Amino acid sequence: LVEQFTPWQQEHSDGSVAVVGRTGMGKSTVLQMVEKELRVPVFYGDVRTKITRPAKVVAWLSEVFSISPKPTSEKDLIKRIREDKTPVVAVDNCHNLFLRRVGGFEGWESFLRVVNETCDNVFWILTFNQAAFDYLHAITGHANYLRRTWVLHRWSERQVRRDIMLKLRRARPGVSFWDLLLATPRPIRLSPPPGP
């Protein structure tokens, strides 16, 4: 993400990244590391339930940004976000912003408008389940409404082993047996050998 964030800091354009992967691939873990990696304040949001109505999207994003009093419209929300000085917003589970049915994309479209209207002063990092993202991509005629896409691929056993070894080398864990020693040494009593 640093490769996408650094140019955005200089140019303030194209500030939206989709982090895409299958369940268990580490999308949420990537979001947890964002603040440390980018070294800037980050607002976090998690779309835990389906939010498919524009008014609910506005209310939910108002909570993510801690905007008070709450905006009454999408336009008002966009204006207030543009006034905010939060450089990065990380949102997990963005696939919960739509339903595969008639009228099920109104919330997604509202969210997308907010992201695209504010991505010059806010850097958005959004996670998606791979299947949901592929579906969105297919129904939009393969148009990409987010500026960048970062796909997480499954690691091989060799890559996992290499990563664990690298982390162990960096941590330099030492082996210690101090906890096995007694706090105060006790004399050892030997009983006499059994007689014949």
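Modeller: Let me start with a cut-off: a residue is buried when its relative accessible area is under 20%, exposed when it is over 50%, and partly exposed in between (1.4 Å probe, protein chains only). This is a predicted model, where local features need pLDDT of at least 70 and side-chain atom pairs count only at pLDDT 80 or more, while totals for chains, interfaces and linings use all residues. Residues are numbered from 1 along each chain as its sequence is written, and side-chain values use heavy atoms, with hydrogens and water left out.

Biologist: What is the phi of H12?

Modeller: Phi of H12 is near 50 degrees, a positive value in a residue other than glycine. R39 also has a positive phi, about 60 degrees, although it is not a glycine. Most residues other than glycine have a negative phi, and most peptide bonds are trans.

Biologist: And is R39 buried or exposed?

Modeller: R39 has a relative accessible area of 75%, which is over 50%, so R39 is exposed. R39 lies in the loop between α2 and β2 (42–46).

Biologist: Where is the cis peptide bond?

Modeller: The cis bond joins S68 and P69, with omega at about -5 degrees. P69 belongs to the loop between α3 and α4. S73 is found in that loop too, between α3 (54–64) and α4 (74–83).

Biologist: Which residues of α4 are buried?

Modeller: In α4 the buried residues are E74, L77, I78, R80 and I81. They cover an arc of only 165 degrees around the axis, so they are on the same side of α4. The arc is that of the directions from the helix axis to the C-beta atoms. These buried residues pack against α3 and α5.

Biologist: What makes T127 count as buried?

Modeller: T127 has 0% relative accessibility, under 20%, so T127 is buried. T127 is in strand β4, and its side chain makes a polar contact of 2.4 Å with the side chain of D92.

Biologist: Which residues touch the most other members of the largest nonpolar core?

Modeller: L61, W108, F111, W124, L126 and F128 do, in a core of 34 residues. A nonpolar core is a set of buried Ala, Val, Leu, Ile, Met, Phe, Trp, Tyr and Cys residues joined through side-chain atoms within 4.5 Å. Leaving aside neighbours within four places in sequence, L126 is in contact (heavy atoms within 4.5 Å) with V17, A18, V19, V91, C94, F111, V115 and L146.

Biologist: What caps the N-terminal end of α6?

Modeller: N129 does, with a side-chain oxygen 2.9 Å from the backbone nitrogen of A131.

Biologist: How big is the largest pocket?

Modeller: Its volume is about 950 Å³, the space filled by probe spheres set on grid points joined across faces, edges and corners. On a 1 Å grid over the protein atoms alone, a pocket is an open set of points with protein on both sides within 12 Å along at least five of seven lines, and lining residues have an atom within 4 Å of a point. The lining has 25 residues, with V30, M33, W155, D163 and K167 nearest the centre. Helix α7 gives the most to this lining, 8 residues.

How values were computed:
Helix = DSSP H or I, 4+ residues; strand = E, 2+ residues; numbered from the N terminus. Polar contact = N/O pair within 3.5 Å; in protein donor to acceptor, adjacent residues only side chain to side chain. 1 Å grid on protein atoms, 1.4 Å probe; cavity = no way out; pocket = protein on both sides within 12 Å on 5 of 7 lines; lining within 4 Å.
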